[in-house]
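Please look over the model below.

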Amino acid sequence: MLLYVILGIVAFILIIVICNIKVVSQANAYVIERLGAYYKTWGTGLHVKIPFIDRIARRVTLKEQVVDFPPQPVITRDNVTMQIDTVVYFEITDPKLYTYGVVRPMDAIENLTATTLRNIIGDLELDSTLTSRDTINDKIRVILDEATDAWGIKVIRVELKNILPPREIQDAMEKQMKAERERRARILDAEGEKRSQILVAEGLKESAILKADAVRETKIREANGEAEAILTVQKAYADSLKMLKEADPSEQVIALKSLEAFEKAADGKATKIIIPSEIQKLAGLVTSIKELSVTDNLDE
């Protein structure tokens with residue numbers, strides 16, 4: 001019987017020891033109290049606590065955390081009430097301060113975020129609020145980070161998730177955006193029409209230039225052709241004179257050639273022709289020769 005009691009006591013002790021062996025996983029920390037007072041913070045690894053003396057006050061995760069707070073009513077400087085919800089990214093840097101620094105840390109961060117947001121937005125007008133998200137985010141982050149240092153929390157960044165103006169403001173903004181889009185569309189149409197007219201005018205200008213160049217080129221070629229023809233005629237005439245000179249013709253032959261030239265000149269188109277006396281004599285001589293030839297033929 002005593003043996004069973006001893007075995008039972010040993011088993012109980014083993015169970016208690018096993019139950020008090022704790023393994024802290026990566027990116028976690030345990031805050032340990034001894035007899036109700038802070039004792040130490042356990043990091044990653046194997047730990048054993050003293051039964052009935054030590055207790056785990058809080059299990060803390062050291063990972064980056066994200067908390068999405070519900071929309072908060074905020075009034076701008078120009079008295080426009082908007083609903084803005086924020087997202088806060090933070091991590092716990094000191095588990096002891098996080099455990100003992102503030103009651104319900106998430107509620108504290110939410111209230112601090114809402115208060116800070118109201119203070120910042122209250123100094124801005126509606127248009128500035130809608131276009132200054134990055135500035136607002138940075139201001140809120142700096143203020144929260146300074147305030148939460150005493151709680152062992154580091155605020156990494158803050159984002160304004162949604163900014164919702166009143167319905168009538170949204171309608172007015174939509175109308176304004178629609179009018180702006182229509183204005184831009186009209187400007188684009190006008191610029192397109194202007195560009196089209198410019199292109200047409202440039203096309204007509206280039207066409208006229210090309211036509212003028214073609215006419216000029218045609219005239220140049222015609223002039224070159226006429227010049228070549230004149231040169232050819234002059235060259236032929238010069239060659240004929242040269243050949244005539246080399247042939248050493250008699251005066252009668254020259255006179256006959258002159259007569260042929262006047263015959264061509266008097267092609268029925270000239271109204272008055274002055275014939276030199278030498279050619280007249282030659283013409284009389286030719287007539288006499290022709291008459292003698294006719295007489296001889298009759299005698300025969």
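The largest cavity has a volume of about 30 Å³, and the structure holds 1 cavity of 30 Å³ or more. A cavity here is a set of points, on a 1 Å grid over the protein atoms alone, where a 1.4 Å probe fits but cannot get out. Grid points are joined across faces, edges and corners, and the volume is the space filled by probe spheres set on the points. The lining consists of F69, P70, Q72, I84, T86, E110, T113 and A114, where a lining residue has an atom within 4 Å of a point. Strand 8 and helix 3 are the elements that give two or more residues to this lining. Helix 3 gives the most, with 3 residues.

This is a predicted model, in which local features need pLDDT of at least 70, side-chain atom pairs count only at pLDDT 80 or more, and totals for chains, interfaces and linings use all residues. Residues are numbered from 1 along each chain as its sequence is written, and side-chain values use heavy atoms, with hydrogens and water left out.

The chain has 8 helices and 9 strands. Helices (H or I, at least four residues) and strands (E, at least two) are DSSP runs, numbered from the N terminus. Of the 300 residues of the chain, 21% count as buried, that is, under 20% relative accessible area with a 1.4 Å probe, protein chains only; exposed means over 50%, and partly exposed lies in between.

How many residues of strand 8 are buried? The count is 9 of the 12 residues in strand 8 (residues 81-92), so this strand is largely enclosed by the rest of the structure. Its pairings are listed below; two strands pair if DSSP finds at least two bridges between them.

| Partner of strand 8 | Sense | Bridges |
|---|---|---|
| Strand 6 (residues 65-68) | antiparallel | 4 bridges |
| Strand 7 (residues 72-75) | antiparallel | 4 bridges |
| Strand 9 (residues 153-164) | antiparallel | 10 bridges |

Within these pairings, V88 of strand 8 stands opposite V67, and V88 also has V158 in strand 9 as a bridge partner. T81 is the bridge partner of I75. The hairpin of strand 7 and strand 8 has 5 residues between the strands, and N79 takes a positive phi near 65 degrees there.

Strand 8 also takes part in the largest nonpolar core. A nonpolar core is a set of buried Ala, Val, Leu, Ile, Met, Phe, Trp, Tyr and Cys residues joined through side-chain atoms within 4.5 Å. Of the 29 residues in the largest one, I84, V88, L117, I136 and I140 touch the most other members. Strand 8, helix 3 (105-121), helix 5 (133-148) and strand 9 are the elements that give two or more residues to this core. A second, separate core of 5 residues includes V24, Y30, W42 and I56.

I84 belongs to the largest core and also lines the largest cavity. Leaving aside neighbours within four places in sequence, I84 is in contact (heavy atoms within 4.5 Å) with residues including P70, V74, L117 and L160.

Strand 5 (residues 54-61) contains D54. Is D54 buried or exposed? D54 counts as buried because its relative accessibility is 4%. A polar contact of 2.6 Å joins its side chain to that of R34. Such a contact is a pair of N or O atoms within 3.5 Å; within protein, one must be able to donate a hydrogen and the other to accept it, and residues adjacent in sequence count only if both atoms are side-chain atoms. Beyond its neighbours within four places in sequence, D54 is in contact with I32, E33, R34 and K49.

Key:
1 Å grid on protein atoms, 1.4 Å probe; cavity = no way out; pocket = protein on both sides within 12 Å on 5 of 7 lines; lining within 4 Å.
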